[in-house]
Structures are given as structure tokens and as C-alpha cells.
Amino acid sequence: MLQWPNDGAKMEGKVWSCTEAGEEFLGVVENHLRVLTAYHLLTRDGLLLHSSGVVEGEAAYLFLGRSGAGKTTVARLSQAGGRDVLSDDMNAVVAAGAKPRVLPVPFAGELEPTPRGRALEKLPLAALLRLRKGRRHHLQTLSPSEGMATLTACSPFVNRDPHRQERLLDNVGQLLEHAAVGELEFRQDDGFWEWIGEDR
Amino acid sequence: MRHGEVDLRDLQEHVLLRAKDIRFRRVGAEAVVLAQDAGEVLVVNEVGARILELADGETPVKDWLRVLEAEYDVPAAALQEDVARYLDELLEKGVFSPIRS
């Protein structure tokens, strides 16, 4: 159960679980924390994004997509190429100011973060890239409206809450003032980094 | 002008209102629409964004066409085709509340 006033000044969460739940209890707690984190970030000009976070140089790339979009695949390919992975499922970005920052969160999917990825605290956002599986590597910029639609669709929990959607659109708009969203079509090898590199 | 299930001739006197669960935000000329119940996020072009603004629960559809014709340098037939197409799509997705005339 989650409770919080509309001003977001205070949030409370409670979890009830059967004592025989065993390991399932951890999953319940983690899911609870995911929801809390999404709501909390919204009050801090931030977003919790369904994304795979990869470190290249000293900045973080967020590959956006819902389940099945290829987030874990991109993370595995990037890790195999020597890059650090933050999370292959969810990452936080704070939009405040002209330099959006990526904040790693402890919510991994199938792939564990790399040790350095786990230890990092805050990184400049290098790019937001919506994933599309394909037969080639190709990168294109999305229109601002497509970017807003992508970020909104990839903001779990809060994008289904009618009391948070205005704030969500505000935060997405704020982020888009300083970061564009691209679409990365990729095939099953890490050659997509050459395309991303050309965009840097 | 018919497009899909929508015939603009039948809707001229109707007044449409954006559904309560709809949020939309202008982004440049286009707009993003959140359809909460359907769990969808849509992008509409300039004409679609203007239609969403005109669906204010007061302006009848026949006035939409007058407004759009005044604002856009597009042949009337093409504009009607656009409006019919958008109405067809947005009605299907539940973006508008039930039509009243």
C-alpha cells in the first residue's frame, strides 16, 4: 500500500506479505520500491525510465523500450565490448538544469550491473535512444512530440496515474529542453556503437 | 465526406469533448496524447492537435472546419478528409467523450 499527499511532501509505504512467502517477499519489496522510486523522482524533476543504462566514456546512454524491445540485448552486447552497465531494466534521470544526470537505481532485469556500474553515483546523460530491433544499425532523431511520447510511455507507474500525468508531462518537457530522443535500429552485434559514436 | 466509420455530414451539428482520462500536451506544432484507460500514448500532427483543442465541449464540428479552413492553407476537401480520418481514429481510441448534438 502506498500513501502520499498530492504535494508529494511525504510518502509512506507499507508491505504485507505471508510469512511463508520466502524469497517471493524480496520481489514484493523490490516492486514496491520501484513504484516508490518512480513517484519520488517525479517530485524531484526526475523520471524513472524503462531503459538500459550503459556507460561510454564518462557519460551514460539510456536505451529506452518496454519489455522485449532489446534493452538487455543492448546491455549484453555493450558489456561484451567492455562498457559498464548500470541497469538493463530501469534507470533514473533528473532533468533539473541544463545538464540532465543519470542516477543508477538498484533495479536490474536479467543482467547484473557491472561492478563499476553498480558503484557509480551520478553521470551526465549522453543520449536517450529508443530501441528498435532490425537488420541494420541506424540512428535517427525523433521529433520532439515523438520524444515526449516515448519518454512518457517508458515512465512506468506514474504514466497510468491520472493525478501524476500533468507533472509527468512537465518533467518530460523539461528534460527535452536539454536532451533529444533518438531511435536506434540495431541488429545482434555491438556495431551500433559506431553509429552512436558518429552522433557524439 | 466519409472515412472509415465516420461521416462528417452526420457530425456537423455534434459537439465533442475530450474524454476525462485524456491528457494532451502541445509540443511545437504537434501534440502528445495520453489515453490513460487504453494505456496508450499517441502523437498527432498539427491538424490533429488543433482538433483536440477544438473538442472543448462547446464548439460544434461544423465550426471546426471553418476554423481550420481559416488557419490552414489547405483545400477544403483535403481538410475534410483529414478531419474525418482523425475523428475516425480518435473516436475509436476513446479520446472523445460520447457525442452529443
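**Conventions**

This is a predicted model, so local features need pLDDT of at least 70 and side-chain atom pairs count only at pLDDT 80 or more, while totals for chains, interfaces and linings use all residues. Residues are numbered from 1 along each chain as its sequence is written, chains are lettered from A and ligands numbered from 1 in the order in which they are written, and side-chain values use heavy atoms, with hydrogens and water left out.

**Strand β8 of chain A**

Helices (H or I, at least four residues) and strands (E, at least two) are DSSP runs, numbered from the N terminus. Two strands pair if DSSP finds at least two bridges between them.

Strand β8 of chain A spans residues 123-133. Strand β4 (residues 59-64) of chain A runs parallel to β8(A), with 5 bridges joining the two. Here Leu64(A) stands opposite Arg130(A). Strand β10 (residues 181-186) of chain A also pairs with β8(A) in the parallel sense, over 6 bridges. In that pairing, Arg130(A) stands opposite Glu183(A) in β10(A). Strand β7 (residues 101-103) of chain A is antiparallel to β8(A), with 2 bridges. Val102(A) has Leu123(A) as its bridge partner in β8(A).

**Salt bridges**

A salt bridge is a side-chain nitrogen of Lys or Arg within 4 Å of a carboxyl oxygen of Asp or Glu. Over all chains, the whole structure holds 22 salt bridges.

| Pair | N to O distance |
|---|---|
| Arg130(A) and Glu183(A) | 2.8 Å |
| Arg85(B) and Asp82(B) | 2.9 Å |
| Glu40(B) and Lys93(B) | 3.3 Å |
| Arg23(B) and Glu166(A) | 3.8 Å |

Start with the pair in chain A. Arg130(A) and Glu183(A) meet in a salt bridge. Arg130(A) lies in strand β8 and Glu183(A) in strand β10 of chain A, so the pair ties together parts that are 53 residues apart in sequence. For burial, the terms are buried (under 20% relative accessible area), exposed (over 50%) and partly exposed (in between), with a 1.4 Å probe and protein chains only. Glu183(A) is buried, at 8%. Arg130(A) is partly exposed, at 24%. Both belong to a network of salt bridges that also links Arg132(A), Arg136(A) and Glu185(A).

Next come the pairs within chain B. The side chains of Glu40(B) and Lys93(B) form a salt bridge. Glu40(B) sits in strand β6 (residues 40-44) and Lys93(B) in the segment after α4 (76-92) of chain B, so this pair ties together parts that are 53 residues apart in sequence. Glu40(B) is partly exposed at 29%. Lys93(B) is partly exposed at 27%. Arg85(B) and Asp82(B) both lie in helix α4 of chain B, 3 residues apart, about one turn of the helix. Arg85(B) is partly exposed at 29%, and Asp82(B) is partly exposed at 21%.

**Chain B overall**

What secondary structure does chain B have? It comes to 4 helices and 7 strands. From the N terminus on, the order is β-β-α-β-β-β-β-α-β-α-α. Of the 101 residues in chain B, 48% are buried. Contact means heavy atoms within 4.5 Å. Among chain B contacts with a separation of 6 or more, 60% are between residues 24 or more positions apart.

**The interface**

Chain A gives 16 residues to the contact and chain B gives 12 residues. Buried area is the accessible area (1.4 Å probe) that two parts lose on being put together, summed over both. Chain A and chain B bury about 1,400 Å² between them, 60% of it on carbon and sulfur atoms. The count of salt bridges between the two chains is 3. One of them joins Arg23(B) and Glu166(A).

**Single residues**

Asn171(A) is in helix α5 (residues 165-176) of chain A. Asn171(A) counts as buried, at 2% relative accessibility. Leaving out residues up to four places away in sequence, Asn171(A) touches Leu41(A), Leu42(A), Asp45(A), Gly46(A), Leu47(A) and Ala95(A).

Arg66(B) lies in helix α3 (residues 61-71) of chain B. Arg66(B) counts as exposed, at 53% relative accessibility. Arg66(B) and Ala76(B) are 10 residues apart in sequence and 9.4 Å apart in space, C-alpha to C-alpha.
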